[in-house]
Every structure is written in structure tokens, then in C-alpha cells.
Amino acid sequence: MTDEMPQREAYGRALADYGELNPRLVVLDADTSSSTLTHFFANKYPQRFFNLGIAEPCMVDVGVGLALEGWVPFVNAFAAFLCLRAAEQVRTCVAYAETAVRLVGHYAGLSDFKDGATHHCITDLAVMRALPNMTVIVPADNNEIRRWVSVLGEYDRPVYLRISRAHSLPVHSPNVDVQIGKAITLQEGGDVSIFATGAMTGRSLLAVERLAQRGISARLIEIHTLKPIDAEAVCLAAAETGAVVTAEEHSIFGGLGSAIAEVLAENCPVPVERVGIADSFAPTALDPESLMDYMGLGVEHIVHAAEKVLRKKEACVFSKPLSAA
Amino acid sequence: MNYLTENRIIELESIARQLRIESLEMIYRRQSGHPGGALSAAEILAVLFFHKLRLDPQNSHWQGRDRFFLSKGHASAILYAALAKRGFFPREELTSWGRLDCSLQGHPDRLKTPGVEMSAGPLGHGLAVATGVAMGLRLDSRTCRVYVLLGDGEMQAGIVWEAASVAAKYRLANLTAILDYNDVQLDGAVHEIMPLEPVAERWRSFGWKVLEVNGHNVRQVAEALDLAEEIHHCPTMIIAHTTKGKGVSFMENDAKWHGAVPNQQQYEQAVTELLGKEG
């Protein structure tokens, strides 16, 4: 049912393949190449691979230096350390200096279920999204990851790519067309819009099926680019359905739910329910799926959120004449 | 080409004095800036920009240039003074430093100012970025060299030692770091706030070639830079012993002048002292 390999493996193999197409590609890692699976690239192109040890801040700046010389650096580390330990390097030398460094945050969300809250990463999207000049990409599945590797290899701007350690549910065909800043409508529907990102996209597909069984027509839109967000697609879907659910493997603060709420509050206010991690650290677990369920990211949580926001929508419809008077 | 005649030494000393005066004038005019660490780096920048670095001011992105990184970005005034004097932009631009429409930011910005290789400000970035650049140049088999000027306060930042390890691991002989060792930082004496010693031993133990010079002696600085080019198995650290606020009696060795701004009387006295040493 899930993708044939975990996201990290799809990424690692795609990177090694892309190394053949792009002779300027260089890959940096912080002693995690056997986890991020950049070792596929390292084995194939040892001259273009740099393992800098457990020194994420330094690795980011070294990547900046390589970018200044026209190389195409993919800088890999666990998301929790890339986005927090090296946040100042990312802010100053990548975002502010506008260097073409591809930051790749691994083991994102709760996917490192076995290592506890220190290794989970539920704040990377908030950090990255707040940085001027930064593009933020969260792929839904392996086919999408394979496309992003080459798209970002050609993208000459600061960018953050989020990769899960876990298997995600398959969403796309191998020839999926990804464009930065362009949302993908996966399911048409008229009652409620679900905006999903990353591994929550596949879960939202299942939620749409369950909602249909209950007579609710849900539209599903994948937001792979959190920044710049496709505000037009967000507003159009919100205006046409009048109710919105967001779903992300991230804190409800600062990620997709926040981004959607910001767009809607200013342009097209409709009721919103956010499915995400409610401002708490998650425990250690035996597998990623049950941890996601435990933390409120289950398919049924998405279904409940849709039903709840539909009740809000009805309440809003009834209140309209009152507010008009 | 780079042979140091007595006349050339006198010329470089004169340029260092001009850079000091220009920096102080900029800081005084803007009523903001960091005089102490600009004055301590004057001879180092004079030798680099007017003797050592291969540059093309008309084409600041010329691929064959040597790369210079100012890691102690708060010394921006003297970097701007040197870049203007070297011809990267008109000297008049210095007079508008800090204005909203000026190309010169408080700390160097690579996107706004020709000749600035990398934006800087937060301490500790320069060596790591320069390390990446040195790696990139070597991958391209380019023979240009990479220079980075560090402050002594930033020796306290962990990332400097992370980068020291990386540069040594990859044997980046095309990388030369210079430490402006004036022993004064914002809050006081470096040796009191967080001692660096034995700093030369520390760098040697990290796998670097270490040279020590008087950072206000242009011949010693130039010869150390030449010698670094002859080291082919590891990066080189030149520890330049300097005086914070060098050349202005009341600024020397006083932490107050790390980021303080002179009033009119202090400014005039400072310029008089610096001019008095001319010839």
C-alpha cells in the first residue's frame, strides 16, 4: 500500500542518478550519509561528496562557498539540526546572501519515530518559511521526490526540501509535473477543501474516500510549495467550497495551516480547521504510522476536521443575514 | 612582480594611513561604525588589496581573481575604503554610507557592493564560507587563492574550529587565514573574556601551518602571505599581532572604541595624530 521504498531511499537514489546528469552537483552531509542515503551518491561520485562530520552550521557555510563558485550543492542533515542548529547560517549566508544552496532536511516530521522528540522535526517549516528569499518544498511521495531533485538542481535560489525517513502513501505517477509555487489538485469536490502537504497528502486521499462514503464531497489540493504559496489556488478552492481543512506533519504553528490561514484571513475568510501537531513534543514510538495517529495526524482526524469545519460553515451561512443587518 | 622595494613599503604604509583616516571619517560622518577593529586591520588590508590580491576592479566577478573574505564584518568601513581606493566603486559612495539608497550596508553585503565576496556580520562565518570556496576552486582546478581575515573575538565561536577541521581534512593549501589579533573585543580584553592562548599551538594542532607576524609591519605581512603560497600540504594561518585602535592614542587598546563613535574634537584629534605620522 505504501511506496515501494522509504522517501529517504527515493531521494538518495534520485540524487545519485542526477549526479550523472549534472556534473556540477556536489553533495554535503554531516555524518548522516547512511541515514539520509546520500551514500549512494558518495559511492558513485566520491570526488563530489563531502562528509563534514557532526557540524551542521559549518556544513551550511561550506555549501555556500561551493555555491559561490558555481557548484550545485545539496546540503543534507537531519531536519531538526539543519533548521535549528544551523538556523543562523541558513539565515545569513543562504537566505540573506541569496546563495543557491539546496538545503535538504531529513527525518522530518515524526518519521524518526524511534529516537524521540530530539530527533523529530515539527518546526522546520515555520523556521524556513519565515526567512526572506527562501523557497520551501515538501514532497508528498517518492515519484514527486524524484522530480524535485532535478527541478531543484536547476533552481538557482535558496531552497529547503523536506524528506521523511518513512514510507509515504503513493500519490503521483512517475511522470508527475511539479512546478515551484503551483498547487496540485488531486481530487475535485464541492463541500470542503482539504489542503495537504508531505506525507499527509496520501492520508488525505484516504480521508476523501471516507468522506465520500458519508456523502461529503471533498476537494483535495496538494501544497508542495509552502513558500511561495499558491494563493490563487488556495483562494479559489476556499471561495468555491466555503470550508477548509489543512493537514501537515508539523506543528500547527508556522507551517501549512498557518500559511493557508494567513492567505484566507486577508483574501477570502472561510472557516478553517488545522490538522497538525498541537504544540507539544511527541514521544518515542514503535513505528511512524501509529505515532502520527497518536499525535492527531490520522486519517480519521482529517475526516473529523472536515466534518467539524462543515458545521462551522453552516453556522456561518446562517449568521450571514444577522451580520448584514 | 610582487617584489617589495623600500619605496613600495613606504607606499603601502602610506595607503594604510589613508585607509585609517578614510575609515574614521566615514564612521564620524555616519556617527556609527566600529573604529577599533578597522584601525587594527589597516596594514593587512593595504598589503592585501594593494600588493597581494589579483583583482580586476572593472570586473569584480572575474573568475581568475583571488578571493578575499572579511569575516570580521564589523570592520566594514576599512573594507569599503580599500575597495573604493582600489577602484571597485567611486569614492563618493563612501560619503553616503548607511543611507537608505546607499550600496554600502552597515555590514558588508555581497549583493549590493562590488568587490564584496560575501555578506558578513555575525561572527564566525568567514572561514567556513572561504573553506567551501577553496574546495570549489580546487574542484575546478583553478589556481586562484582564498584569503580570509578573522577577528580574535570570533576565535571563541565553535564554527571557526569546525571549519579549521574541514580545511585541514581536505588539505586546502589554497586557503590562507589571517588573524587580526588585537586582544580587544566588545566587552573587554579577549584574554580576560575568553582566553585564546595558546592560539598558535591550537591552530598547529588542527593541522594548519602557522606563521606569526607584527600585523602593523607591512613587510612582515607581505612576506608571510608570500610564504603561505609555498605551503602545499595544508592551509596557513597568519597570526597578525595588532593593536586595537592603532594610530589614535586614545583609542588604542581600549574596548570602548570597538563600536564607539568619536565626537568632533576626538575626530579632529584622531586625524591630526594619523596625519602627523605621515612622512
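## A tour of chains A and B

Select helix 1 of chain A: Gln7(A), Arg8(A), Ala10(A), Tyr11(A), Gly12(A), Ala14(A), Leu15(A), Ala16(A) and Gly19(A) are buried there. Buried means that 20 or more other C-beta atoms, placed from the backbone, lie within 10 Å of the residue's own. This is a predicted model: local features need pLDDT of at least 70, side-chain atom pairs count only at pLDDT 80 or more, and totals for chains, interfaces and linings use all residues. Residues are numbered from 1 along each chain as its sequence is written, while chains are lettered from A and ligands numbered from 1 in the order in which they are written. Helices (H or I, at least four residues) and strands (E, at least two) are DSSP runs, numbered from the N terminus.

Stay on helix 1 of chain A, residues 7-21. Its 15 residues reach 21 Å from first C-alpha to last, close to the 21 Å expected. That expected span is 1.5 Å times one less than the number of residues. Now show the cover over its buried residues, which includes strand 1 (25-29), helix 3 (39-44) and helix 8 (142-153) of chain A.

**Domains of chain A**

Colour domain 1 (7-162) and domain 2 (184-317); the bounds come from an automatic or database domain assignment. Their centres, taken over C-alpha atoms, are 26 Å apart. At their meeting, 23 residues of domain 1 are in contact with 27 residues of domain 2. Contact means C-beta atoms, placed from the backbone, within 7 Å. On the domain 1 side, helix 7 (124-129) and strand 5 (135-137) each supply at least two residues.

**The sheet of chain B**

Move to chain B. Five strands form an open, parallel sheet in the order 1-2-3-7-6; strands pair if DSSP finds at least two bridges between them. Strand 1 (67-70) and strand 6 (209-214) stand at the edges with a single partner each, so one side of each lacks a neighbour in the sheet.

Zoom in on strand 2 (146-151) and strand 3 (175-181) of chain B, joined by six bridges. Here Tyr147(B) stands opposite Thr176(B).

**Where the chains meet**

Finally, show both chains. Overall, 22 residues of chain B are in contact with 20 residues of chain A.

Key. A residue is buried if 20 or more other C-beta atoms lie within 10 Å of its own, exposed if 12 or fewer, and partly exposed in between; C-beta atoms are placed from the backbone. Two residues are in contact if their C-beta atoms, placed from the backbone, lie within 7 Å.
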